[in-house]
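Have the viewer open as you read.

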Amino acid sequence: MAAAGSYFSIIALIILIQLATNLNSCSAATPIRHSGRNTRFIRTSCRTTLQPSLCFVTFSRYATRIRGSPRLLATTALSLAFNTTRFATKSMITLSKRHGLKRREAAALRVCVEELGDSIDELKDSIGKLSRHGAGGSTFRSQMSDIQTWVSAALTDDDTCMDGLSGKSINRKFRSRVRRRVVKVAHLTSIALAFVNRYAATHK
């Protein structure tokens, strides 16, 4: 079991490093050729999410790397959500430094940066915990409960950010630009939570 845990830790670290080079978009990664069985696993898994089409388009390119493993699928999803959230936060920090923002818009950006910053920490902690430990037993259930709580909290952070973008005092174009990034973050985080829940359920 220790050897298996070490193997998954290495794989998770490799995935995180590779994905970190594509912070601007999940689709920026070079597609990987994959077998029919691995693709079917991704398609079946994506049907359990709220965004099955986005899920399949995003994760089918990692099918061979995931190799039909619910654990690697969950780790990959968390890594993608983490990287996308980090990029969105950086873009909002850049946007907040522009001149001409209304006071309400600047305040909304500060809220989003703070909330997404919390989301980054929660996703990072989730990746670390999932990559370090093996499956089975009460300890596993406790660890998965922590991860589920953190990823759920990250989704709540995304919602709080979007709530701050409401109101007539915020420019429609500004709202659309920021909301588009946050929606992408929320969708990927939602998919990650579905995969985490699925992995946890398979080892009850």
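Cysteine 46 and cysteine 55 are both buried, and a disulfide joins the two, with 2.0 Å from S to S. This is a predicted model, so keep that in mind for every value that follows. The torsion about the S-S bond of cysteine 46 and cysteine 55 is about -70°, so this disulfide is left-handed.

How many disulfides does the structure hold? It holds two. The other one links cysteine 112 and cysteine 161, again with the sulfur atoms 2.0 Å apart. Here the angle about the S-S bond is 90°, which makes the link of cysteine 112 and cysteine 161 right-handed. Cysteine 112 sits in helix 6 and cysteine 161 in helix 7 (residues 137–163), so the pair ties together parts that are 49 residues apart in sequence. Cysteine 112 counts as buried because its relative accessibility is 0%, and cysteine 161 is buried with a relative accessible area of 0%. Counting bonded cysteines along the chain, the pattern is 1-2, 3-4.

Side by side, the two links look like this:

| Disulfide | S to S distance | Angle about S-S | Handedness |
|---|---|---|---|
| Cysteine 46 – cysteine 55 | 2.0 Å | about -70° | left-handed |
| Cysteine 112 – cysteine 161 | 2.0 Å | 90° | right-handed |

On to charges. Side chains of opposite charge can pair when their charged atoms come close. The count here comes to one salt bridge: the side chains of lysine 129 and aspartate 146 meet at 3.0 Å, N to O. Lysine 129 lies in helix 6 and aspartate 146 in helix 7, so this pair ties together parts that are 17 residues apart in sequence. Are the two partners buried or exposed? Lysine 129 is buried, at 17% relative accessible area, while aspartate 146 counts as partly exposed because its relative accessibility is 28%.

Then there's glutamate 115, which is found in helix 6 (residues 103–132).

Of its 204 residues, 46% count as buried. Among contacts with a separation of 6 or more, 80% are between residues 24 or more positions apart. The accessible surface comes to about 10400 Å², with 54% of it belonging to carbon and sulfur atoms.

Finally, confidence. The chain averages a pLDDT of 84, and 80% of the residues score at least 70. Confidence is highest in helix 3 (residues 52–59), at a mean of 97, and lowest in helix 1 (residues 2–20), at 46. Over residues 1–11 the pLDDT is below 50, and this stretch has eleven contacts in the model beyond near neighbours in sequence. Residues 17–34 also stay under 50, and for them the model has 38 contacts beyond four places in sequence.

Key: Residues are numbered from 1 along each chain as its sequence is written. Side-chain values use heavy atoms; hydrogens and water are left out. Helices (H or I, at least four residues) and strands (E, at least two) are DSSP runs, numbered from the N terminus. A disulfide is a pair of cysteine sulfur atoms within 2.5 Å. Buried means under 20% relative accessible area, exposed over 50%, partly exposed in between (1.4 Å probe, protein chains only). pLDDT is the predictor's confidence in each residue, from 0 to 100. Contact means heavy atoms within 4.5 Å. Accessible areas come from the Shrake-Rupley method with a 1.4 Å probe; for residues, only the protein chains shown count as cover. A salt bridge is a side-chain nitrogen of Lys or Arg within 4 Å of a carboxyl oxygen of Asp or Glu.
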